[in-house]
Protein chains: 2
Amino acid sequence: MKDPIDFYFDFSSPYGYLMSEKIDALAERHGRKVRWRPFLLGAVYKQLGSQPLPSIPMKGPYSIRDFQRTARFLELPLQIPEAFPIPTQHAARAYYWIHERDCPLARTFAHAVFRRYFVDGQDISQQELVLDIAKSVGADRTALADAIGGDELKARLREVCEEAIALGVFGSPYVIVDGEPFWGVDRLPQIERWLETGGF
Amino acid sequence: MKDPIDFYFDFSSPYGYLMSEKIDALAERHGRKVRWRPFLLGAVYKQLGSQPLPSIPMKGPYSIRDFQRTARFLELPLQIPEAFPIPTQHAARAYYWIHERDCPLARTFAHAVFRRYFVDGQDISQQELVLDIAKSVGADRTALADAIGGDELKARLREVCEEAIALGVFGSPYVIVDGEPFWGVDRLPQIERWLETGGF
């Protein structure tokens, strides 16, 4: 049994969303599972002293255009929401809470969060919306509502962010295959060749 | 007759080198010419307050690995030189001087500069080496030596840098097809589809 692929992403990352729609099928074609690892890009940016892409001069306007063009290239729906980028700690904490109880449900929840944000334009930074999405996929809304602001989940997400930084994860999406890191959805063809050949 | 494609690059950019080995053949398959526009990334970084990729924490070590892997993916030779990155004003000025006299020779010169740096590991920041490379491809070394430090060529390169910044060119390579900008050698598949379809 081959090791799983690690997929780090922030729920507010358009390229992360695009990767989320592709990575499982790609991995499956090569007999691999994917470990989804939502984290907070803000924690990394704080560490690096860097800024969200859209706020960088020149690169910002380009990136908005590139998000949309890359989505068309990959034949995926994408709208850049009015509130963008946003903090995603509620969504990430909810992901880990659901994952401890039901792994496949956590995957369904993550897809739902990404699509609510990047297809429907809803503001997934809102805790109530995150709870509603969790309920809509079949999670226990009441139990999650009790847990989501608690120390345990906060610590869990903080650990993932620290782990990401320790691994050198500086952006989203960031995919690690047998120790080899790939940053960006534009690395899909390289990931595919890596899986096919065992490294090139 | 279709408009040419603009290809902005810095001679010190590994992804720029990789693009330089691919863009002409790709354009030709779609009946296009390419205007090569060497410029100085340093001028843009100064404007943006940004730093060369290799000096950025986490992103730097990743980028070194990615340069080499992307070269293997594209089946091109690449070694990251000991002196990297370096200032490339002599090479860029020589390019424009040769281009005014002999367009195809300027292309041959540009390929030679890139390969001396990224294949042979020679330090192309040195004016004497730039002059030697110019001579090796058949340019007039003596006349170029007289011109290369002159105000006219300095002004020419400054204009190109200002033009690049005005167009929003913030990185290398940066390719513009009929007004549509593509940053990075990883956008080759998107450029190809754009040329095939006239936009998507």
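## Starting from one pair

Let us begin with Phe7(A), whose bridge partner in strand 3 of chain A is Val175(A). Keep in mind as you look that this is a predicted model.

## A hairpin in chain A

Strand 3 of chain A has another partner to meet. It runs antiparallel to strand 4 of chain A, and 4 bridges join the two. One of the pairs here is Val177(A) with Glu180(A), the latter sitting in strand 4 of chain A.

How many residues lie between strand 3 and strand 4 of chain A in their hairpin? There are 2 residues between them, and Asp178(A) in the turn has a positive phi of about 50°.

## The whole sheet of chain A

Now step back to see the sheet. In chain A, 4 strands form an open sheet with mixed pairing, and their order is 2-1-3-4. Which strands stand at the edges? They are strand 2 (34-38) and strand 4 (180-183) of chain A; each has a single partner strand, so one side of each is left without a neighbour in the sheet. From one strand to the next, the twist averages 20°.

## Chain A as a whole

Besides its 4 strands, chain A has 10 helices.

How does the overall size of chain A fit its length? For 200 residues, a compact globule would have a radius of gyration near 16 Å, and chain A agrees because its own value is 16 Å. Its C-alpha atoms fill a box of roughly 50 × 45 × 35 Å along the principal axes. Of the 200 residues in chain A, 42% count as buried. Take the contacts in chain A between residues at least 6 apart in sequence: 70% of them join residues at least 24 apart.

## The sheet of chain B

In which sense do strand 1 and strand 2 of chain B pair? Strand 1 (residues 5-9) of chain B pairs with strand 2 of chain B in the parallel sense, over 5 bridges. Within this pairing, Ile5(B) stands opposite Val34(B) of strand 2 of chain B.

## Where the two chains meet

Finally, look at the place where the chains touch: 17 residues of chain B are in contact with 17 residues of chain A. On the chain B side, the elements giving two or more residues are helix 4 (59-73), strand 4 and helix 10 (188-197). Helix 4 of chain B provides the largest share, with 6 residues.

What kinds of residues make up this side of chain B? They divide into 10 nonpolar, 2 polar and 5 charged.

Conventions
Residues numbered from 1 in each chain as written. Chains lettered and ligands numbered in written order. Predicted model: local features only at pLDDT ≥ 70, side-chain atom pairs only at ≥ 80, totals over all residues. Rg over C-alpha atoms; globule rule 2.2 N^0.38 Å. Buried ≥ 20, exposed ≤ 12 C-beta atoms within 10 Å, placed from the backbone. Contact = placed C-beta atoms within 7 Å. Pairing = 2+ DSSP bridges. Nonpolar A, V, L, I, M, F, W, Y, C, P; charged D, E, K, R; others polar. Axes fitted to C-alpha atoms, helices over the stretch in contact; angles between N-to-C directions.
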